[in-house]
Number of protein chains: 4
Amino acid sequence: MDFQPSEKSQAYLAKLKAFMAEHVLPQEQAIVAENRRLNEHVDWREWQVPSAIDELKAKAKATGLWNLFLPDAELAEGLSCLEYAPLAEETGKVLFAPEIFNCNAPDTGNMEVLYHFGNEQQKQQWLSPLLNGDIRSVFAMTEPDVASSDATNMQARIDVDGDELVLNGTKWWTTGLGHPKAKVAIFMGLSNPENDKHNQHSMVLVPLDTPGVNIKRMLTASQDYDAPYGHGEVEFSNVRVPKTNLLVGLGKGFAIAQGRLGPGRIHHCMRAIGAAERCLELMIKRGMSRVAFGKPIIKLGGNMERIAQARMAIDQARLLTLNAAWKIDNVGVKQAMTEISAIKVVVPNMLQMVSDMAIQMHGGAGVSGDFPVSMFSAMARMLRLADGPDEVHMAMVSRLELKKYS
Amino acid sequence: MDFQPSEKSQAYLAKLKAFMAEHVLPQEQAIVAENRRLNEHVDWREWQVPSAIDELKAKAKATGLWNLFLPDAELAEGLSCLEYAPLAEETGKVLFAPEIFNCNAPDTGNMEVLYHFGNEQQKQQWLSPLLNGDIRSVFAMTEPDVASSDATNMQARIDVDGDELVLNGTKWWTTGLGHPKAKVAIFMGLSNPENDKHNQHSMVLVPLDTPGVNIKRMLTASQDYDAPYGHGEVEFSNVRVPKTNLLVGLGKGFAIAQGRLGPGRIHHCMRAIGAAERCLELMIKRGMSRVAFGKPIIKLGGNMERIAQARMAIDQARLLTLNAAWKIDNVGVKQAMTEISAIKVVVPNMLQMVSDMAIQMHGGAGVSGDFPVSMFSAMARMLRLADGPDEVHMAMVSRLELKKYS
Amino acid sequence: MDFQPSEKSQAYLAKLKAFMAEHVLPQEQAIVAENRRLNEHVDWREWQVPSAIDELKAKAKATGLWNLFLPDAELAEGLSCLEYAPLAEETGKVLFAPEIFNCNAPDTGNMEVLYHFGNEQQKQQWLSPLLNGDIRSVFAMTEPDVASSDATNMQARIDVDGDELVLNGTKWWTTGLGHPKAKVAIFMGLSNPENDKHNQHSMVLVPLDTPGVNIKRMLTASQDYDAPYGHGEVEFSNVRVPKTNLLVGLGKGFAIAQGRLGPGRIHHCMRAIGAAERCLELMIKRGMSRVAFGKPIIKLGGNMERIAQARMAIDQARLLTLNAAWKIDNVGVKQAMTEISAIKVVVPNMLQMVSDMAIQMHGGAGVSGDFPVSMFSAMARMLRLADGPDEVHMAMVSRLELKKYS
Amino acid sequence: MDFQPSEKSQAYLAKLKAFMAEHVLPQEQAIVAENRRLNEHVDWREWQVPSAIDELKAKAKATGLWNLFLPDAELAEGLSCLEYAPLAEETGKVLFAPEIFNCNAPDTGNMEVLYHFGNEQQKQQWLSPLLNGDIRSVFAMTEPDVASSDATNMQARIDVDGDELVLNGTKWWTTGLGHPKAKVAIFMGLSNPENDKHNQHSMVLVPLDTPGVNIKRMLTASQDYDAPYGHGEVEFSNVRVPKTNLLVGLGKGFAIAQGRLGPGRIHHCMRAIGAAERCLELMIKRGMSRVAFGKPIIKLGGNMERIAQARMAIDQARLLTLNAAWKIDNVGVKQAMTEISAIKVVVPNMLQMVSDMAIQMHGGAGVSGDFPVSMFSAMARMLRLADGPDEVHMAMVSRLELKKYS
């Protein structure tokens with residue numbers, strides 16, 4: 001349970017903080033404005049990435065702040081989950097920052113799947129360009145017609161037809177689908193209904209230009225399209241891919257999903273913690289600089305107590321997440337199920353509370369797009385649903401708790 | 001304290017419910033879709049109102065469901081605040097419904113100002129077309145550069161120059177400014193800095209086509225432009241209007257504002273209660289129709305308790321609001337300050353909680369635009385800031401409470 | 001929905017307030033101290049009632065403030081549930097006050113049972129002395145060995161043996177059992193296991209001096225024996241009473257219980273609201289009179305917001321309870337199930353919150369016996385369990401809510 | 001930030017757990033009952049300690065589980081704050097357990113004061129018998145007449161008169177004062193009003209049999225005397241002690257208090273975390289063993305979610321506390337002010353929430369003395385006030401947070 005970042009991690013953190021301070025934070029508002037200018041009144045098919053993003057990506061890559069999430073010393077920097085955690089937190093402070101370091105969801109999770117479960121050909125075809133930041137990927141799992149909180153509800157089909165797999169079904173909340181560089185989906189579907197519940201589904205790599213892949217629309221999330229990333233609804237109609245696009249084997253979907261989730265949740269949660277720190281910072285600065293009734297507004301009513309509550313909630317959430325990261329690194333995902341589910345509940349709820357406080361301290365500006373606090377709130381709201389809603393994870397935590405007594 | 005709706009009120013409620021059921025609810029999704037089609041990728045200068053809205057307005061007017069908010073028996077239906085309350089609740093169930101009955105903010109508040117404080121000429125010029133639903137109006141009070149929770153912070157200037165008033169300053173959150181029919185603003189500004197704190201400001205009628213009125217942008221509120229209404233940021237640069245555009249007199253701004261706020265808060269709150277009832281209904285229907293882990297999701301985890309908590313919170317908030325309405329009708333706004341401030345805190349927070357629960361029960365669909373629950377949540381968030389943030393109203397309630405003991 | 005107290009109710013309220021101000025509040029501390037002196041280091045068998053209580057009872061009776069709870073114009077004052085509600089609130093401000101007006105639980109509920117369901121002989125024998133305040137009664141329903149939140153779990157037996165009923169079983173939380181004047185129990189037990197679930201139990205009158213009634217102990221509730229009332233655990237071993245002691249008939253226990261609960265909950269809740277008002281008053285007075293860090297402590301941190309939150313919560317809870325009372329009076333208990341369950345959850349939780357805030361504002365004195373706030377907190381805690389825990393009532397509210405859609 | 005208990009700490013923890021399982025837990029109920037038998041109806045002057053306590057103390061001492069809190073390798077086991085933390089947690093699971101290991105408040109804090117700040121003579125006279133467990137001590141700081149949350153309010157006087165110090169004033173909440181072995185008080189009072197605010201007070205050792213020390217009463221805390229420990233109110237009337245009883249020097253009271261608080265809060269908090277774990281365990285066991293409406297009650301309503309919420313809150317609170325302990329050990333109390341204040345708020349509030357849930361799951365038994373959950377709830381309530389109320393510590397956390405930006 002040594003949560004102290006290693007020297008290596010600290011060195012990366014220092015470099016990352018310097019990069020954020022020098023290159024990212026000063027451009028934050030300009031990039032947000034440019035993104036709005038490029039994409040706001042524009043159909044998703046014409047979305048563009050602000051050019052500054054690609055410039056920053058190149059700079060980050062050159063600086064060695066690239067693929068930090070991947071625990072491989074050759075392909076990346078070889079940072080453990082716990083070593084990467086404070087770096088993820090740092091990137092979370094600016095909404096678009098993770099992409100700059102090629103550490104953005106869902107690509108990180110997808111790269112991990114390819115890294116751990118892809119064969120050589122699959123890695124070469126998809127992992128390499130993803131690690132290079134040349135393309136982006138999506139994850140097609142959630143379905144509009146069933147309660148996807150119970151993943152075994154999934155109805156999309158994967159049928160074997162000779163050397164091909166035939167995919168049918170509708171997916172939504174395939175995040176990143178609107179990005180100009182989105183090239184490949186990991187599709188999860190029902191392939192082996194004859195098996196027991198957790199061995200019925202498979203994962204398949206689907207190039208997005210395959211015939212039959214019909215993107216129906218982008219969804220708003222809390223009123224936002226999140227351009228140029230987007231959350232897509234996409235129909236797969238008799239989509240045919242070679243059997244070699246199958247990951248691991250038929251019926252192995254849940255086994256892969258399981259492995260994917262642990263570190264991915266650490267990443268999500270640490271970014272959310274960074275977002276909460278940013279909200280707290282903005283909230284304090286706003287509260288100290290505005291005056292009402294003769295006082296800085298931070299001194300009015302219960303505002304100072306809210307600062308303390310935010311600090312206490314953030315610190316607890318961070319320690320809980322670092323502890324989960326430590327357990328993943330040291331005893332493995334399977335022994336960290338309580339911890340991983342717990343952070344999935346605690347951290348987004350904490351961010352929702354802290355960002356809500358920050359909005360309130362900003363007054364009308366808080367719900368506007370002039371500060372990132374409203375978007376952080378929307379992100380928190382989304383995270384309470386994505387990858388399993390609060391309720392599913394609380395059920396996991398309590399079930400494991402009861403097991404101790406039976 | 002008789003909250004029972006009068007027979008008259010009940011008759012209007014029955015008619016209104018029938019209208020909602022027959023004409024509004026069946027078209028809700030189509031109108032939302034049409035609105036998106038018309039306005040989503042469009043600069044606010046080109047926003048359009050879905051034609052169905054105007055058709056519904058005409059129908060409502062013909063049915064006598066028009067200007068129900070105005071307690072005047074000749075100009076409208078002569079309903080008291082308490083009699084109108086359940087009608088406002090009903091209109092709150094659909095986001096765009098209030099406009100259909102010419103009962104939408106900020107026009108209702110502005111019409112009340114004109115009705116109570118406008119002179120004959122002002123009424124003829126502006127109140128008549130507003131009551132007819134031919135034009136819309138905005139209220140220009142909040143400013144970007146100061147903490148507007150303390151209204152005495154207002155910096156925009158009103159200077160007398162002969163027979164003219166000269167207006168300078170920047171306002172934002174002027175809701176409805178993007179609507180094609182928005183024609184006039186009630187502008188509030190500092191005219192008499194030499195007076196005591198609550199007699200320094202005045203209200204002036206400003207036609208929006210007056211030279212010097214420069215709309216700089218529409219703001220997003222929780223990521224939404226709320227087209228075709230919008231929340232504007234608008235600069236007033238040496239805007240000149242005749243002195244006859246002054247409401248009541250110089251320095252009377254706060255006195256007018258005070259009178260405006262009581263009934264307006266009842267309206268806002270009752271609409272929010274209607275929104276909460278709608279959220280609860282949608283939450284139950286979704287929860288009963290989706291299945292996970294072998295059960296309707298409403299039966300999982302703490303979901304049933306949340307239904308009860310929503311019901312208990314809504315019923316309490318409604319009674320509190322009806323009580324405030326009753327007090328306004330029977331003892332006057334000045335004797336109802338605790339009640340009016342209390343509902344301003346309780347109701348939006350209640351809606352935020354209930355809509356958040358409803359979002360969660362819908363899963364991903366909850367944050368999408370496919371159901372109104374996310375927009376109701378955004379509305380709640382906005383209401384916790386508009387017309388004074390929670391903190392200002394809690395300060396009022398506690399100050400009055402302490403007075404009882406000093 | 002006219003919650004305005006009638007003129008009659010207002011007249012009683014004025015008289016009651018005067019009585020409280022003149023006779024009860026000035027003696028409160030002395031009576032609490034005397035009660036401690038008499039009973040603190042004493043086995044419950046020797047508990048005594050402070051003589052001032054009996055003096056106050058006589059005075060209240062003489063003043064016509066007696067049995068106000070009973071809606072009978074001959075036996076009492078003929079006040080409806082809604083008319084009595086504000087009186088119950090007033091008595092709730094002092095812990096021992098309800099007894100002074102012969103309006104204390106569980107006697108009120110038991111008298112109602114006898115009034116509505118007792119035959120002439122039963123009324124003469126038990127109702128008369130109870131109405132006179134000469135004796136006290138207890139209600140023996142909850143059992144230690146089963147989850148009594150599900151009343152159909154009750155295991156105590158009532159067997160018919162000729163003209164006698166034979167009672168066996170253990171009950172606890174028979175409140176008031178330690179009082180020197182406690183003379184009779186209403187015992188509920190399983191008499192007809194062959195019937196359907198809600199017709200298996202009966203209620204029987206049991207004089208407490210019947211052989212086989214063995215009081216095993218008094219229980220502490222939140223560390224307090226609540227002398228001289230007490231919460232008893234009592235064993236019934238082959239207790240024989242004549243069949244004429246049966247209420248209504250065999251298997252009618254639940255039918256009687258149902259009728260007993262509605263008004264009783266109004267009484268409990270209104271008293272709790274009075275307790276909350278008292279807590280708020282004490283909290284403000286303490287907060288204004290103590291100074292720390294150069295300010296009255298009420299001005300520190302979030303204390304002023306807590307005052308507002310208490311006021312808003314109390315007012316909502318009161319309106320909800322008055323609404324339930326109105327429904328009981330006007331449409332009957334069966335049509336008010338949601339309302340009755342809702343107040344059973346809302347009000348005790350509100351009191352728990354408000355009394356907790358009051359404790360905190362008092363510092364160490366708050367948890368001591370020097371102020372009633374700690375006992376009000378204990379009372380709130382108990383009320384969240386008595387007569388069905390929160391969870392059972394939330395289940396009722398949500399079940400009825402779902403029914404609207406099925 | 002390595003929170004992993006050292007091997008040494010783990011070894012002690014194993015031994016301690018074995019001791020608890022073998023000697024303490026099996027006797028818990030019997031000792032509680034014996035304590036009630038001995039002390040319940042008895043004036044505090046005659047309180048006795050159940051003989052089993054002394055037997056267990058002897059056994060613990062013989063086993064080497066003694067004075068574990070003291071970071072001295074000769075006088076005790078030389079455990080750091082972090083090494084002791086999990087041991088403190090373990091002892092917190094049973095209310096009277098800390099005393100068995102000579103690790104109970106306020107003796108631990110007082111021994112630390114003597115250890116760090118006492119001179120040789122003082123150590124010999126008082127520290128030795130305390131370390132031996134032969135006597136007990138109290139801490140006399142809080143005063144009834146002022147808001148003691150602001151310690152500079154303290155009014156009790158220490159006057160120098162030749163070679164003597166003369167003490168005058170009234171203290172309350174001197175915990176442990178009723179214990180038969182209580183022999184000495186550390187008295188804090190105003191000695192140097194001419195100094196600046198934090199150098200005006202001194203600490204003096206006062207044998208409790210010194211003339212002028214008049215114990216006026218024991219206070220109840222949440223209705224409980226906490227016999228045989230008690231919370232005393234005590235008057236010091238011209239109490240004379242030799243000047244050699246002064247700790248460190250005149251005006252050094254706050255400096256000593258500061259040093260005392262850090263580790264003491266870790267101890268308090270870790271014990272409270274142990275209490276919360278015990279509550280969770282009892283709550284689960286009760287919930288699994290009782291049946292209502294055809295199911296174990298733990299499966300009803302939101303109960304399973306509450307289990308998860310308890311687990312998540314406990315784990316967060318523990319990590320926060322371990323982190324504070326680590327900082328005290330590694331960077332010192334002065335650099336850990338945020339952390340120490342944060343746990344002082346978070347942990348008692350967490351215990352209040354978890355114990356409240358546990359009470360609710362136990363039904364009526366929960367508020368009775370049959371399970372420790374109600375006492376744990378009372379302990380939580382007390383801890384939110386003792387050593388500074390929540391509000392003071394939140395003010396500290398937020399003040400330090402703002403400092404980062406000024």
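Before we start clicking, one term: two residues count as in contact if their C-beta atoms, placed from the backbone, lie within 7 Å. Keep in mind, too, that this is a predicted model.

**Stop 1: the domains of chain A**

Colour chain A in three pieces: domain 1 (7–132), domain 2 (137–251) and domain 3 (254–403). Where they touch, 20 residues of domain 1 of chain A are in contact with 24 residues of domain 3 of chain A.

Which elements of domain 1 give two or more residues to that side? Select helix 4 (81–91) and helix 6 (107–117) of chain A and you have them. Helix 4 of chain A brings the largest share, with seven residues. Colour this side of domain 1 of chain A by class and you'll get ten nonpolar residues, six polar and four charged.

**Stop 2: an annotated stretch**

Next, select residues 251–399 of chain A. An unreviewed UniProt entry places "domain: Acyl-CoA dehydrogenase/oxidase C-terminal" there. In cartoon view, the span is 79% helix and 3% strand.

**Stop 3: where chain B meets chain A**

Bring chain B back in. Here 42 residues of chain B are in contact with 43 residues of chain A. To see what chain B puts into the meeting, pick strand 3 (164–175), strand 8 (291–292), helix 10 (337–362), helix 11 (364–367), helix 12 (373–383) and helix 13 (390–403) of chain B; each gives two or more residues to the side that touches chain A. By class, that side of chain B has 19 nonpolar, 15 polar and eight charged residues.

How are the two copies related? Superpose chain B on chain A: a rotation of 180° with 0.0 Å of shift along its axis does it, at an RMSD of 0.0 Å. The two copies are thus related as by a two-fold rotation axis. To find that axis from chain B, go to His41(B), whose C-alpha is the nearest in the chain at 1.9 Å. The copies meet through the same surface, because 100% of the interface residues of chain B are also interface residues in chain A.

**Stop 4: chains C and D**

Last, show chains C and D, where 42 residues of chain C are in contact with 43 residues of chain D. Elements of chain C that each supply at least two residues to this side include helix 10 (337–362) and helix 13 (390–403). The class count for the side of chain C touching chain D is 19 nonpolar, 15 polar and eight charged.

Conventions:
Residues numbered from 1 in each chain as written. Chains lettered and ligands numbered in written order. Predicted model: local features only at pLDDT ≥ 70, side-chain atom pairs only at ≥ 80, totals over all residues. UniProt positions renumbered as here; feature names shortened; annotations may be inferred. Helix = DSSP H or I, 4+ residues; strand = E, 2+ residues; numbered from the N terminus. Nonpolar A, V, L, I, M, F, W, Y, C, P; charged D, E, K, R; others polar. Least-squares fit on C-alpha atoms with pLDDT ≥ 70 in both. Domains from an automatic or database assignment.
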